[in-house]
Amino acid sequence: MSSRKSSVVLALPLLALTLIQFVVPEGAHAIPAFSRQYKTECSTCHTIYPELNEFGDAFLKNGYVYPGKPGAAATPAEQKEGKVEGLWLSGLPELLPVSFTGTLDVAYNNDAFDGNKVDLSTRSLRLQAGGAFRDVAGFFLTYNLYSQGAQTSASASTGPASNANTPPNNSPDIYEMYAIWRHAFGSPVNFRIGRMEPKLSLWKKSNRVILTPSYASTAYTVGSSFSQGSTPFSLDAPEDALEVNAVLGNRVFVAGGVVDRNGQKNKDGYGHISVKLGGTDLLGHEPELDLENDSVWDYLTLTLGGFGYAGSNGKYNDRGIAQFKNDFYRAGAEADLLYKRFHLKGSGAFGHDDNPTFSSSAPTPIDSKAYAVEGEYMFGAPVNLITLFRYEYQKDLNGNTRRYIPALAYAPLQNTKVSLQYTFTDGPSGIQRLTLASLAISF
């Protein structure tokens with residue numbers, strides 16, 4: 001039986017305030033304090049916030065240290081001027097970048113089951129902090145202070161409160177909190193430990209023009225039997241992990257980690273490798289161009305990546321012990337092509353689950369797959385507008401699902417985004433249509 005749903009959602013982020021600035025590290029990922037710390041524009045690291053450009057991706061891979069010229073990362077602007085030389089030499093932070101991001105949604109659904117076509121009850125408030133102490137260590141934190149409803153990405157079903165990796169006796173409010181030891185023992189190796197999104201995909205979940213999670217490569221779930229009291233677990237959800245990663249030869253990025261899943265003794269494991277051809281390298285160095293004899297290769301960037309994940313999960317009993325185990329694996333490949341203002345992303349993944357329904361008597365193994373293609377075009381100044389289209393396909397325990405998402409994103413200011421997207425989903429439960437309009441402000 002097909003169901004038709006039509007809703008319009010207006011998102012109005014209320015707060016993105018930085019309240020305290022006592023201790024800074026070097027910078028932060030995807031929070032406004034980074035721009036203030038380095039006295040640079042948001043467009044230094046972003047196309048339209050929060051999507052990262054090549055320089056922003058290098059900043060993330062370098063543990064929140066400003067990439068580029070040798071030695072430039074070690075000292076922010078004020079420290080270079082000698083204003084806080086003593087603190088910098090001691091390794092003590094001067095400012096702490098802390099931001100509060102609030103959202104308020106107004107939803108209209110003409111087919112609301114309770115007749116309430118206008119919904120004003122969806123809102124959220126989040127705290128973010130992060131940075132790096134000199135060029136030695138880094139950290140990042142996202143804390144969900146308050147969340148009500150499910151219109152915004154902050155409270156989407158892939159968040160920690162709805163993730164089977166969150167144990168029953170832990171608060172799900174900390175979305176991510178991890179520390180980084182950069183260039184351990186003078187090597188290119190970095191250690192990351194804490195609660196984090198494992199490095200699998202080329203793009204972090206928040207590194208999108210629109211924040212609707214993609215089926216591929218990592219967002220589709222395993223062990224998703226709600227009828228048995230379980231909740232879905234997706235590979236791009238935060239996990240308690242220890243990760244080792246490194247930039248090799250300026251163009252290759254490798255990562256591998258171990259996940260500590262609560263309620264069971266076995267550990268999960270994952271790995272990632274990617275190589276970047278052309279464009280700004282992974283240390284933030286831009287290529288030299290011959291403006292008199294330019295060619296298509298001067299503006300073409302291609303990044304190829306692959307990943308694998310193997311582990312197990314299960315249904316928690318009243319003691320917090322995972323039972324009726326599901327052993328699973330996921331493997332995938334991705335490509336990111338950038339040519340001037342055109343951006344093409346492609347990803348695909350396949351996997352196997354031994355017991356996806358957490359059955360105690362008759363496990364039913366299943367093979368699954370998902371792929372997605374997304375094309376973007378950025379018009380750039382004076383009209384900072386991105387148009388995009390995404391197509392996705394997923395085959396899992398519930399059947400086949402296809403999703404089509406055209407969208408527009410416009411930035412009248414670098415810290416302001418207005419977006420409009422339409423999602424058409426053709427799945428086992430029928431046809432669903434969703435229109436989402438949003439206004440986002442960060443400062």
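1. A residue is called buried when its relative accessible area is under 20%, exposed when over 50%, and partly exposed in between, using a 1.4 Å probe and protein chains only. By this rule K267 is partly exposed, because its relative accessible area is 47%, and D260 is partly exposed with 35%.

2. This is a predicted model, in which local features need pLDDT of at least 70 and side-chain atom pairs count only at pLDDT 80 or more, while totals for chains, interfaces and linings use all residues. Residues are numbered from 1 along each chain as its sequence is written, and side-chain values use heavy atoms, with hydrogens and water left out.

3. The whole structure holds 13 salt bridges, each being a side-chain nitrogen of Lys or Arg within 4 Å of a carboxyl oxygen of Asp or Glu.

4. E243 pairs with R192 in a salt bridge whose closest N and O atoms are 3.1 Å apart. E243 lies in strand β9 (residues 239–248) and R192 in strand β6 (residues 189–196), so the pair ties together parts that are 51 residues apart in sequence; strands here are DSSP runs of E with at least two residues, numbered from the N terminus. Both E243 and R192 are buried.

5. D240 also forms a salt bridge with R195, the closest N and O atoms being 3.2 Å apart. D240 counts as partly exposed at 23% relative accessibility, whereas R195 is buried at 11%.

Methods:
Helix = DSSP H or I, 4+ residues; strand = E, 2+ residues; numbered from the N terminus.
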